[in-house]
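Notebook open, model on screen.

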Amino acid sequence: MSEILVTENIQGVSMVRLMDDLDVEFDAYLWQNVDQLKEKIKNAKALIVRNQTQVNRELIDAAPDLKIIARAGAGLDNVDTQYAHEKGIVVCFTPDANSLSVAELAIGLMLSLLRKVPEARQDTLTGGWNRIKFTGAELHGKTLGLIGMGRIGTLTATRARAFGMNIIAADPYLSADAPHLKQMNGKLVSLDELLAQADVVSCHSPLTPDTRKMLTYRHFCLMKPTAFFINTSRGEVVDESGLTQALLEHKLAGAALDVRETEPPNQCPLNQMENVILTPHIAAFTLEAQERVVDSVCEDVRLVLSGKKAIHVFEP
């Protein structure tokens, strides 16, 4: 049994060094076999995961020597952080390491939707040259509605402002006089107001009991028929059946989803819609972001196992 258990595909220079220096078992697919995972974690002192490994009470109880759970990413919805805290286990994550990459993808999806890039590419590949058909729209002068304006939402807003977009935000933890909102002449509104006013809605909400399926058919019906919806946060914050129905009824102009209710998703009507862009949860997957993420989790594991305090600790 190894001292450090890595249950998903987490690679990088820092991981190679960790494996050279310490007793590490690396199995990119171990998360898929719960029984084997519970057996191998028995003597582990450190667990390194992404978002697939379900670090619940049962798994934590199977690891009496566990000192640290290191999540290579920002979200912690797959980790029972409260129970880990009760058991005296340090939970580390990387809340800032991939923020820039997520914000850049959100901007890229906005441009792709408004300029109809996927449809134009497909048409061109099949011999078309329909310039008029693929007349798009500019971001300049449009209103961007941000559902959640934490670090990623703010980075997205900053880049949207460079395109000349107007900013509105719905966030229960944000005050109307927040400095970063005021600096970009942004306005705090209710969720319903945001959906009704925005030309592009970009979701940057964490997954919590309060946000699970918080965007339903009713919400999408509030949007302009010319507006677009983008989600690079967590798929479970959206009721996909409601979004699908709203798209079929032309309640909004299109959508881009990097995250889904179930990952990987099953076949569904969204797959057949030309005005929907679907990507496989790649927002954080840039070379630069992944290097920062792996550096961070490996550093915290080294610190905790050497009796020192971790840097990127989550406090429930």
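Before I note any bridge partners: I take two strands as paired if DSSP finds at least two bridges between them. Also for the record, this is a predicted model.

**Entry 1: β6, β7, β8**

I started with Ala169 and looked up its bridge partner in β8, which is Leu188. Strand β7 and strand β8 (residues 187–188) run parallel and are joined by two bridges. On to β6 (residues 143–147), which pairs with β7 over five bridges, again in the parallel sense. In that pairing I find Thr143 opposite Asn166 of β7. How does the chain cross from β6 to β7? It goes through helix α7 (residues 151–162), and the β-α-β crossover is right-handed. I also checked the cover on β7 (residues 166–170): four of its five residues are buried, so I have it down as mostly covered.

**Entry 2: the five-stranded sheet**

Next I traced an open sheet of five strands, and I read the order as β2-β1-β3-β4-β5, with parallel pairing. Which strands stand at the edges? They are β2 (24–26) and β5 (90–92); each has a single partner strand, so one side of each is left without a neighbour in the sheet. From one strand to the next I get an average twist of 15 degrees.

Inside this sheet I looked at β3 (residues 46–49) and β4 (residues 68–71), which run parallel and are joined by four bridges. Leu47 has Ile69 of β4 opposite. A reminder to myself: strands of a sheet pair through backbone hydrogen bonds, either parallel or antiparallel.

Then the helices lying across these strands. Helix α1 (residues 13–21) lies across β1 (4–6), β2 and β3, and I note an angle of about 130 degrees to β2. Helix α12 (residues 287–305) lies across β1, β3, β4 and β5, and runs at about 170 degrees to β4.

**Entry 3: Asn98**

I picked a loop residue: Asn98 sits between β5 and α5 (99–114). Is Asn98 buried or exposed? Its relative accessible area is 6%, and the cut-off for buried is under 20%, so Asn98 is buried. Leaving out neighbours within four places in sequence, I list its contacts as Gly73, Ala74, Ala284, Ala289 and Val293. Of these, Ala289 and Val293 fall within the residue range of helix α12.

**Entry 4: Thr232**

Another loop residue, this one between β10 (228–231) and α11 (240–248). Thr232 comes out at 7% relative accessibility, so I count Thr232 as buried too. Which residues touch Thr232, neighbours within four places in sequence aside? I find Val102, Leu105, Ala106, Leu109, Cys203, His204, Asp258, Val259 and Ala283. I also took the distance to Pro118, 114 residues apart from Thr232 along the chain: the C-alpha atoms are separated by 18 Å.

**Entry 5: whole chain**

Last, the totals. I have twelve helices and twelve strands in the protein chain. The radius of gyration is 21 Å, close to the 20 Å that the globule rule gives for 316 residues, so the chain is as compact as a globular protein of that length. Along the principal axes, the C-alpha atoms fill a box of roughly 60 × 50 × 35 Å. Buried residues make up 49% of the 316. For contacts between residues at least 6 apart in sequence, I note that 58% join residues at least 24 apart. The accessible surface comes to about 15,600 Å², and 51% of that belongs to carbon and sulfur atoms.

Key: Residues are numbered from 1 along each chain as its sequence is written. This is a predicted model: local features need pLDDT of at least 70, side-chain atom pairs count only at pLDDT 80 or more; totals for chains, interfaces and linings use all residues. Side-chain values use heavy atoms; hydrogens and water are left out. Axes are lines fitted to C-alpha atoms, for helices over the stretch in contact, and angles run from 0 to 180 degrees between N-to-C directions. Contact means heavy atoms within 4.5 Å. Buried means under 20% relative accessible area, exposed over 50%, partly exposed in between (1.4 Å probe, protein chains only). A crossover is right-handed if, with the strands pointing away from the viewer, the path from the first strand over the helix to the second runs clockwise. The radius of gyration is taken over C-alpha atoms; the globule rule is 2.2 Å times the number of residues to the power 0.38. Accessible areas come from the Shrake-Rupley method with a 1.4 Å probe; for residues, only the protein chains shown count as cover.
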